Amino acid sequence: MQSLGMIENWPVPTAAAAVVRADGTVAGTHGPTDHRFALASVTKLLAAYAALVAYEEGAVELDEPAGPEGSTVRHLLAHTSGLAFDEHRVMSAPGTRRLYSNAGFEVLGDHIAKATDIPFGEYLRQAVLEPLGMTATALEGEGSPAKDGVSTVDDLVRFATEVQAPRLLDARTVAAAMTVTYPGLKGVLPGYGHQNPNDWGLGFEIRDSKAPHWTGSSSSPRTFGHFGQAGTFLWIDPDAGAACVALTDRPFGPWAVEAWPTFTDAVLGEL
């Protein structure tokens, strides 16, 4: 895909990208797809998937208490537990605001570790990474399930293939993860300001009608995924029948706000 070559013009030291179709065929790659990058918040997609495996295995229930009083596993996954961004401090009642929260994902990781009696990084490896052959991916130093993952484009292509045609999870569970949870809630999308509504599924951000946004103007409202402050993103557009991964080693900033939507529109145009 010629559009993937646009990453050569990004003001970053290193970048790699790939597109994988819903049937698992790789439409194209560009750059060092075996290079390990810090994922930042793209880690949340992997952590959420592990949480959903724990749910299907019966280790946790989505509506069991977890986090602040009145909060559940579902609230933590959907950023509606009321916990602050990076502090274990309650800012609102569960289910009333979309408060994007790294702390919430850390509480979620602790909850699953206690329920399974396995450290979360190891549970993630056993539940998701190993079955998918994601050998270059890890949660560094048993770090935060919110932001301390490292991976390669090759590995995230494997993950994006799984999400589009699930083998580890029931397809109905994945469909729920990409469906708006607690609709109509306002909130801040980091890097893009207040959004009304600020729609989210179970760990996956949902594009819907958000503007501005890190995906493209031609991205379907059903597009879901995540971007990371490390200069990384993964989106899946069910209407296009494809997913795109792009990893860099320059922190997110104005360069990404400018470059990413144009890049996504070019990829979608070529698809």
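Start by selecting helix α7 (residues 254-270): α7 lies across β1 (15-21), β9, β10 (232-237) and β11 (242-248), at about 35 degrees to β10. Contact here means heavy atoms within 4.5 Å; axes are lines fitted to C-alpha atoms, for helices over the stretch in contact, with angles from 0 to 180 degrees between N-to-C directions. Helices (H or I, at least four residues) and strands (E, at least two) are DSSP runs numbered from the N terminus.

You're looking at a predicted model, where local features need pLDDT of at least 70, side-chain atom pairs count only at pLDDT 80 or more, and totals for chains, interfaces and linings use all residues. Residues are numbered from 1 along each chain as its sequence is written, and side-chain values use heavy atoms, leaving out hydrogens and water.

Now colour the open sheet of 6 strands, ordered β2-β1-β11-β10-β9-β8 with antiparallel pairing (two strands pair if DSSP finds at least two bridges between them). Its edges are β2 (26-30) and β8 (205-206), each pairing on one side only. Zoom in on β8: 2 bridges tie β8 to β9 (residues 224-228), and I206 sits opposite F224.

Next, the open 3-stranded sheet, β3-β5-β4, also antiparallel. β3 (37-40) and β4 (138-139) are at the edges with a single partner strand each, so one side of each has no neighbour in the sheet. Pick A138 and you'll find V150 of β5 opposite.

Last stop: α1 (residues 43-56) and α4 (residues 120-129), packed at about 80 degrees with axes 9 Å apart. That makes α1 roughly perpendicular to α4 (65 to 115 degrees). Show the side chains in the contact, including L46 and Y49 of α1 and F120 and Y123 of α4.

Technical notes: Parallel < 35°, antiparallel > 145°, perpendicular 65-115°, else oblique.
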